[in-house]
Amino acid sequence: MKIGVNALFLIPSEVGGSETVVRQTLLALARQLSDSDELVVFLNAENRNVLLRDLRKEPRVRLVDTNIRATSRIRRFLFESFVLPKLLRAAGVDVLWNPGNTAILHAPCPQLTTIYDLQYKHFPDDFNRATLRTLATLVPFSARKSQIILTISEFSRHELVDLLHVPFQNVRVAKLAAEASFAMELPGDFLAERVMTLTHYPNPFVLVVANSYTHKNLETAVRAFRLIADEFPEHRLVIIGRPRRGEPLLQQAIQELPDPSRVTRISYIEHKDLVALFQRAEVFLFPSLHEGFGLPILEAFCCGLPVICCRETAIPEVAGDCAIYAKSADPEDFARHLRTLLANTSEALALRQQLAEKGRARAREFSWSESAAVLLDAARSVTQKDE
């Protein structure tokens, strides 16, 4: 069986968590293939070097460089519609996996499409009008065009069934996992040096990791920090993520602080530096109001980092009873829990240790191997039906 992978949407460092999904799933999938299987991955100009580095040593993976530039969405759409089908036929692909939310128009084989969530229906302000119209057209089309839809949580599965009217049996859940690097403890001197370089401050900090979409609710984290700032004068708040359409709300909340310099805003850092900040932080805040999964929670768990989050959408599926839940969009409740965790008392220390142990155990319940196995089983099922 030849499994095609439409990686043309993937622009490294720009597409958020879906980049992690594609790269980690491909690595796990490549190691589960039988001798008669092959992965045929279609690359673009932006991701060729990244995916080549990931997969070049995998014997049952063939990389096809299309040289298309994915930064032009119109050009990519036309390429997927009229050129990619010819490449699929030439490569003899039996089934195509589209990991970027949308199927292609004229596939010569069955399609599996990963639709992560339906955020665009709940938070339309996160998108410009053109993108919103595109999603509102292509996502339902892709749900109809694909033999099987893959998604990342039971919450998203039920949304696809309820809102797009996809048959329940046609949706399969392939949960995510944290990369192994988050659980590998970095040397203390390296951590201290990287934190000082990145934050310009050696003292403790509270961490937030999310692009500033409106549904990420980052302003609540800032306002919660403001409520406890005087009680913990040495602490800083570090926010990592690309500026998006919720950035003005975030910046307004930062400027309302008595001392805005106590917030370090980082738009992008290298992966090892991100791991360093996770491992050095004291608490992880995740105030998001809508998640198809919530991968940063698992990344924090791997590092033994206590998590405060909302009990919304798919988040409880990921966090279980290993996080502290605050009321949605309620800075005072986030501040109350943050105050409890940061307190210099034996009770706070015991709570942090308990959450660290439970979180690490929880993170081990998720694996990319299991996610890849769901994809491989779906591919085999549709090719057998097609025969």
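## Around strand β4

Let's start with β4, which is joined to strand β5 (residues 111–114) by 3 bridges, with the two running parallel. Helices (H or I, at least four residues) and strands (E, at least two) are DSSP runs numbered from the N terminus, and two strands pair if DSSP finds at least two bridges between them. In this pairing, Trp97 sits opposite Leu112 of β5. Strand β1 (residues 2–6) is also joined to β4 by 3 bridges, again parallel, and here Val5 stands opposite Trp97.

Which way do the residues of β4 (residues 95–98) point? Val95 and Trp97 go one way, Leu96 and Asn98 the other, and all are buried. Buried means under 20% relative accessible area, exposed over 50%, and partly exposed in between (1.4 Å probe, protein chains only).

## How to read the model

This is a predicted model, where local features need pLDDT of at least 70 and side-chain atom pairs count only at pLDDT 80 or more, while totals for chains, interfaces and linings use all residues. Residues are numbered from 1 along each chain as its sequence is written, and side-chain values use heavy atoms, leaving out hydrogens and water.

## The six-stranded sheet

Further along, 6 strands make an open, parallel sheet in the order β10-β9-β8-β11-β12-β13. Its edges are β10 (263–266) and β13 (324–326), each pairing on one side only. Neighbouring strands are turned by 25 degrees against each other on average, direction ignored. Axes are lines fitted to C-alpha atoms, for helices over the stretch in contact, and angles run from 0 to 180 degrees between N-to-C directions.

Within this sheet, β11 (residues 283–286) and β12 (residues 307–310) pair in the parallel sense over 3 bridges, and Phe284 has Val307 as its bridge partner in β12. Helix α12 (residues 295–302) packs on the sheet, touching β8 (205–209), β11 and β12; its direction makes about 170 degrees with that of β11. Contact here means heavy atoms within 4.5 Å.

## A covered helix

Is helix α9 (residues 218–228) mostly covered or mostly open? It's mostly covered, with 8 of its 11 residues buried; among them are Leu218, Val222, Phe225 and Ile228. The cover over these buried residues includes β8, β9 (236–240), α10 (247–255), β11 and α14 (331–342).

## An exposed phenylalanine

Phe82 belongs to helix α3 (residues 73–82). Phe82 is exposed, at a relative accessible area of 51%.
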